[in-house]
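Hi there,

Here is the structure I promised to pass on. Have a look, and my notes follow below.

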Amino acid sequence: MRITINQIKEMKQRGEKITMLTAYDYATARLVDEAEIPLILVGDSLGMVVLGYESTIPVTMEEMLHHTKAVVRGTKKAMVIGDMPFMTYHISVEDALYNAARFIQEGGAQAVKLEGGVTVAEKVKRIVECGIPVMGHIGLTPQSIHQFGGFKLQGKTPEAAARVLEDARALEEAGAFAIVLETVPAPLAKLITAKISIPTIGIGAGPDCDGQVQVINDILGSFVDFVPRHAKQYTRLTDIISKAVTQYRDEVKAGKFPTEKQSHSMDEKLLAELT
Ligand code: KIV
């Protein structure tokens, strides 16, 4: 049985920290699930860390569904959350419902995430009414980087901070089961966490959120084109992979790989008949 939204909400009530990571493929998702991370986000960040786009904006529904299916196949216990790509929930409520349903029906996810607060609250409400759990995402919402002028701290002025709080309240009211707070001042995240009843999941929002989310490539050091300030590298896979690939290249060139251990033998008599 997979983790439910009620279990996630109960974790806030108990004061138990909630962990969440992104995953985009079967093998990684399996490891994350086995590590008992209850929330796995198939983030549209895959556009940057897997597909090599400059931002999350070009990511399509088809790309998201492709990766969501792989993550679902690799997991048994975690709740898999599909991230709705740019412009798949903005144009109309019908569009939002249709695309959210695709994540559940075709992708096999248990919930969706979308960016925005007050402006998307009506869509969140309608998706939830259809039985699809929604995670909100406010503060620095990467699908709006052109509007923000880059990946910048949000909620810095009193007016901007009040707007982030208003967004959080609108999502809570609309029925979201949790909210990602991205790149906002830590004291603001603490205040919002105290003021709303649903869990806040921070990324670059300080230690006082109910939970934390990270892009898995950032904590593994497997994507180093851009390392955000909020990320901590628990290892540096780029170095490990480069070393292994270089060693493989050198061994093949030197005739040291493969050896007998990696080869298959053949009956001498059979071979003789062929010659
Ligand atoms: O796309 C993503 O990975 C995200 C997380 C950073 C929250 O939205």
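**Around strand E7**

Glu 182 has Ile 203 of E7 as its bridge partner. This is a predicted model, in which local features need pLDDT of at least 70 and side-chain atom pairs count only at pLDDT 80 or more, while totals for chains, interfaces and linings use all residues. Residues are numbered from 1 along each chain as its sequence is written, and side-chain values use heavy atoms, leaving out hydrogens and water.

E6 (residues 178-182) and E7 pair in the parallel sense, with four bridges; pairing takes at least two DSSP bridges between the strands. Helices (H or I, at least four residues) and strands (E, at least two) are DSSP runs, numbered from the N terminus. The chain goes from E6 through helix H9 (residues 186-195) to E7 in a right-handed β-α-β crossover (clockwise from the first strand over the helix to the second, with the strands pointing away from the viewer).

On E7's other pairing, two bridges join E7 to E8 (residues 211-214), also in parallel, and Gly 202 stands opposite Gln 212 in E8. Thr 200 and Gly 202 point one way from E7 (residues 200-203), Ile 201 and Ile 203 the other way, and all are buried (buried is under 20% relative accessible area, exposed over 50%, partly exposed in between, with a 1.4 Å probe and protein chains only).

**Cysteines**

Zero disulfides turn up in the structure (cysteine sulfur atoms within 2.5 Å). Cys 209 is buried at 1% relative accessible area, whereas Cys 130 is exposed at 51%.

Enjoy exploring!
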